[in-house]
Amino acid sequence: MKLIISAPPHIKEDVSIEKIMWSMVIALLPVTLMAVYVFGLSALYIVLVSVLTAVLTEAILQKMSDKRITIQDGNAVLIGLLLALLFPPNIPLWIPIVGVMIAMVFAKHAFGGLGHTIFNPPLVGVAFLMISWPSLMTFASAPRFGASLPYILEYGATRLADVSPLAMIGALYLLYKRYIDWRIPLSFIVIVALSALLLRIDLSSIFTGVLILGIFFLATDHSTTPVTKIGRFIFGAGCGILIIIYGQFGTYFEGICYSILLMNCFTALIDKYTAPNPSRRYVSWLKKS
Amino acid sequence: MPALLPTENLLELLIAGIFTKNFLLVMFLGLCSFLGLTKDMSSSIGMSMAVTFVMGMASIITWPIFHFILVPFGLEFLQTICFILLIASFVQLVEFIIRKHQPALYRSLGIYLPLITTNCAVLGVVLLNAQQNYSYVGSVVYGISGGLGFGLVMLLASGIREKLLQRGVDMFGGFTGAFLVAALLSLIFVNYFGVIQF
């Protein structure tokens with residue numbers, strides 16, 4: 001038998017930040033290609049500009065603050081790609097640049113970079129743009145594919161990610177490899193579907209590509225969600241309830257973005273109040289015996 | 001003169017005070033105590049309890065003074081100085097009573113009770129009550145809900161700042177970081193609750 005002697009940590013599993021981030025980018029490639037196919041070259045330009053701005057901003061910020069440059073770990077590419085998928089296809093190209101820079105500077109690096117974020121960086125960028133240039137962030141004319149296949153090919157798509165919920169199939173691979181947690185998507189989907197059925201809301205108006213993107217890629221961001229298992233169920237359920245409440249007054253697209261951000265604010269509290277306390281059980285056991 | 005009994009929708013006032021017109025994040029009142037007391041959760045809970053109490057009581061005592069004395073004699077221009085005097089003397093009185101009869105509560109509130117006398121959120125809620133012509137019950141409900149909204153945001157921000165301290169992030173430590181957290185929280189609150197209307 002061969003003995004391997006090495007210093008800790010003894011990691012057997014072949015998991016790293018790079019692997020998780022690049023798998024998420026690859027899982028998003030089908031929907032990106034689909035968006036380029038549906039919306040034409042303008043979608044491609046938006047994606048390229050967002051990703052390039054994200055990578056450049058990260059490199060410049062880390063160079064300025066004398067840190068190791070970590071653009072190869074894929075997080076900057078992922079943030080740029082996620083933000084690009086939340087844009088309408090006909091925006092001027094300076095909008096992605098501003099949004100991505102806000103996301104990278106104020107949501108990611110101001111809080112300490114990868115793993116320290118409190119608010120989801122792509123969504124902070126979207127929220128900033130929606131409040132600053134709301135007229136540019138809405139899209140009036142949408143391509144239609146006919147109403148026969150509403151769930152497969154989104155009709156009336158208004159965002160790059162809206163092209164088809166089926167193009168998010170890569171998320172299943174991420175769930176299978178446990179790169180994203182299954183508890184948040186499960187409680188999220190169950191709450192949204194249940195309340196849509198109870199309130200008699202048309203399911204095709206809620207279950208758009210953006211919602212699927214939000215459930216599997218935005219709400220499951222590792223550092224902005226609770227670490228406890230019960231906390232993750234609460235997080236997903238809270239997102240679902242907040243989306244339905246917002247949808248009664250506004251559009252579901254904005255509801256998806258803001259409800260995930262609002263639950264990010266509650267993450268610290270959820271973590272604090274659902275933290276397991278083994279000593280309490282031990283003390284009660286001591287008192288009994 | 002507005003009526004004693006509520007003429008406006010009380011639930012609407014409650015939601016306005018806690019969420020849609022939050023004193024801290026939407027109207028930017030009381031930011032000094034927000035920055036000073038969100039470093040740890042226990043002091044933020046104490047401060048928000050004290051603020052809720054004083055906001056409710058201030059609404060109770062200023063409404064009769066405004067509508068029975070200031071308005072009949074045409075002295076509305078004195079409302080600011082009159083309200084400040086009322087709130088300050090009332091808080092002093094409450095401090096005496098609590099110190100004598102509830103020493104435990106006095107110790108847990110500690111320094112926060114005297115600090116509240118100059119809190120702009122408390123003055124803001126009574127001035128808004130006078131400006132909006134709320135009924136007596138309505139103004140009390142608005143005062144208490146404003147305090148609850150204040151407490152909710154204090155709790156959220158103290159949770160986030162505790163988490164930042166645990167992670168040992170120095171890049172924007174101290175007040176800069178607190179302002180950044182306040183700005184992002186405010187962005188989210190204005191975006192989410194701005195659309196909700198009745």
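What follows is a chat between two colleagues about a predicted model with a chain A and a chain B.

Biologist: I'm new to this one. How many residues of chain A are in contact with chain B?

Modeller: Keep in mind that this is a predicted model. In it, 33 residues of chain A are in contact with 27 residues of chain B.

Biologist: And what area is buried between chain A and chain B?

Modeller: About 2800 Å². Carbon and sulfur atoms give 78% of that buried area.

Biologist: Which of them gives the most?

Modeller: H11(A), with 12 residues. By class, the side of chain A that touches chain B has 21 nonpolar, 9 polar and 3 charged residues.

Biologist: What else does chain A have in the way of salt bridges?

Modeller: Arg232(A) forms one with Asp181(A), and their closest N and O atoms are 2.9 Å apart. This pair also links distant parts of the chain, with Arg232(A) in helix H10 and Asp181(A) in the loop between H6 and H7 of chain A, 51 residues apart. Arg232(A) counts as buried at 19% relative accessibility, and Asp181(A) is buried at 16%.

Biologist: Which residues are linked with Arg232(A) in a network of salt bridges?

Modeller: Asp181(A) and Arg183(A) are linked with Arg232(A) in that network. Leaving out residues up to four places away in sequence, Arg232(A) touches Asp181(A), Arg183(A), Ile184(A), Ser187(A), Pro226(A) and Val227(A).

Biologist: Over to chain B. Where are Glu95(B) and Arg99(B)?

Modeller: Both lie in helix H4 of chain B, 4 residues apart, about one turn of the helix. Glu95(B) and Arg99(B) form a salt bridge, the closest N and O atoms being 4.0 Å apart. Glu95(B) counts as buried at 8% relative accessibility, whereas Arg99(B) counts as partly exposed at 46%.

Biologist: What does Val94(B) touch?

Modeller: Phe53(B) and Leu113(B), not counting residues up to four places away in sequence. Val94(B) lies in helix H4 (residues 79-101) of chain B and is buried, with a relative accessible area of 10%.

Biologist: Switching topic: how many disulfides are there over all chains?

Modeller: The count comes to 0. For Cys265(A), the nearest cysteine sulfur is that of Cys239(A), 11 Å away. Cys265(A) is buried, with a relative accessible area of 0%.

Biologist: And how far is the nearest cysteine sulfur from Cys120(B)?

Modeller: It belongs to Cys32(B) and is 4.6 Å away. Cys120(B) is in no disulfide, because the cut-off is 2.5 Å. At 29% relative accessibility, Cys120(B) counts as partly exposed.

Biologist: Last topic, the backbone. What is the phi of Asp66(A)?

Modeller: Positive, about 55 degrees, although Asp66(A) is not a glycine. Most residues other than glycine have a negative phi. Asp66(A) lies in the loop between helix H2 (41-64) and helix H3 (75-85) of chain A, and is exposed at 71% relative accessible area.

Biologist: And where does Arg178(A) lie?

Modeller: In the loop between helix H6 (170-176) and helix H7 (183-198) of chain A. Arg178(A) has a positive phi of about 60 degrees and is not a glycine. Arg178(A) is exposed, with a relative accessible area of 72%.

Key: Residues numbered from 1 in each chain as written. Chains lettered and ligands numbered in written order. Predicted model: local features only at pLDDT ≥ 70, side-chain atom pairs only at ≥ 80, totals over all residues. Heavy atoms only, no water. Contact = heavy atoms within 4.5 Å. Buried area = accessible area lost by both parts, 1.4 Å probe. Helix = DSSP H or I, 4+ residues; strand = E, 2+ residues; numbered from the N terminus. Nonpolar A, V, L, I, M, F, W, Y, C, P; charged D, E, K, R; others polar. Buried < 20%, exposed > 50% of the residue type's maximum accessible area, 1.4 Å probe, protein only. Salt bridge = Lys/Arg side-chain N within 4 Å of Asp/Glu carboxyl O.
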